[in-house]
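Hi,

Here is the structure I promised to pass on.

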Amino acid sequence: MDPASSEYYFPLYSALGYFALVFGIGEVARILTAKYVSSRGNSQLFLYELIGTIQMCTCVYENGIIFKNYGFPAIFLCVGLLLTAGGIFNRGAWTNCAPIFEQFIFGNLGSTKFITILSAQLIGATFASKFAYLIWNLTAPYSSAHLENASNLDCVLQYKQTAGIVIAFEIVGAFVVRVVVAQLLARPALIRLIPFAISAYLTLALYIVGVPGLNPIVATARLYGCQGIDTSSFMILYWFCPVLGWLAGAYVVGQKGPAKKTSKEAKAEKKLKAAAKKAQ
């Protein structure tokens, strides 16, 4: 028997088809956005963020099939490759609120763009589950893995560690990831390793804690409303803790606000604005 036709690989084929479909629809949506939505203002920014967030959060739903059938090494590789693909196709979409909190707090992102991006992420996280279940239901006749997922609406969080350790993992993990990302960004030859550094943390958290977080938007899309944690605990664990850890990491690596303009630069800018007004 051909190993490629073995039933062992059927869940993998289902997952690959799922990922290809989600990224394909996302790319078509981005192409249409670029063609028909003006880059002026924040409409295009909002749509790119919305599309990217729905795409990445929807993919997270399928990761369970990879982990269930192929274990920790496979989920590490899967998440790393998905993040790499997201970096290629997402048109700069963040799909994570921790970095935009960092940019906003340190003065590198205006309030209008901050609200635009965050609102797009929250809406995208809300729709991801509906998109995932739609795909599972449509493909259920062709995939036993998708049939099982489509018929299973229960979501129960089961932690392997005490609350204190879980909280520490979210804070320390986000802190470490932010520091590691800064180190890799400083070395152009190693930038491609960033997705796999993030994947390594998530895989480690899955192994030790049982329910990884790190990204509040993904956690909201996949875990919010699950049994085993109430709303206030969810917000503390999956929003406050990772954002706190990320900001602490940004502070340690020396995140800076926008450079202040010299008096000469300020005067030159005023002259350009005055000239522009006269020309109108």
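Let's start with Arg 91, which sits in the loop between α2 (43-89) and α3 (97-105); helices here are DSSP runs of H or I with at least four residues, strands are runs of E with at least two, and numbering goes from the N terminus. Bear in mind that this is a predicted model: local features need pLDDT of at least 70, side-chain atom pairs count only at pLDDT 80 or more, and totals for chains, interfaces and linings use all residues. Residues are numbered from 1 along each chain as its sequence is written, and side-chain values use heavy atoms, with hydrogens and water left out.

Arg 91 has a phi near 55 degrees, positive although the residue isn't glycine. It counts as partly exposed because its relative accessibility is 37% (buried is under 20% relative accessible area, exposed over 50%, partly exposed in between; 1.4 Å probe, protein chains only). Thr 95 is in the loop between α2 and α3, and its phi is also near 55 degrees, again positive in a non-glycine residue. Thr 95 is buried, with a relative accessible area of 12%.

On to the annotated spans. The unreviewed UniProt entry lists "transmembrane region" for several stretches, including 114-136 and 162-181; positions follow the numbering used here, feature names are shortened, and annotations may be inferred rather than shown by experiment. Residues 114-136 are 100% helix and 0% strand, with end C-alpha atoms 33 Å apart. For residues 162-181, the figures are 95% helix, 0% strand and 28 Å.

Lastly, Tyr 9 lies in the segment before α1 (10-36) and is partly exposed at 31% relative accessibility.

Cheers
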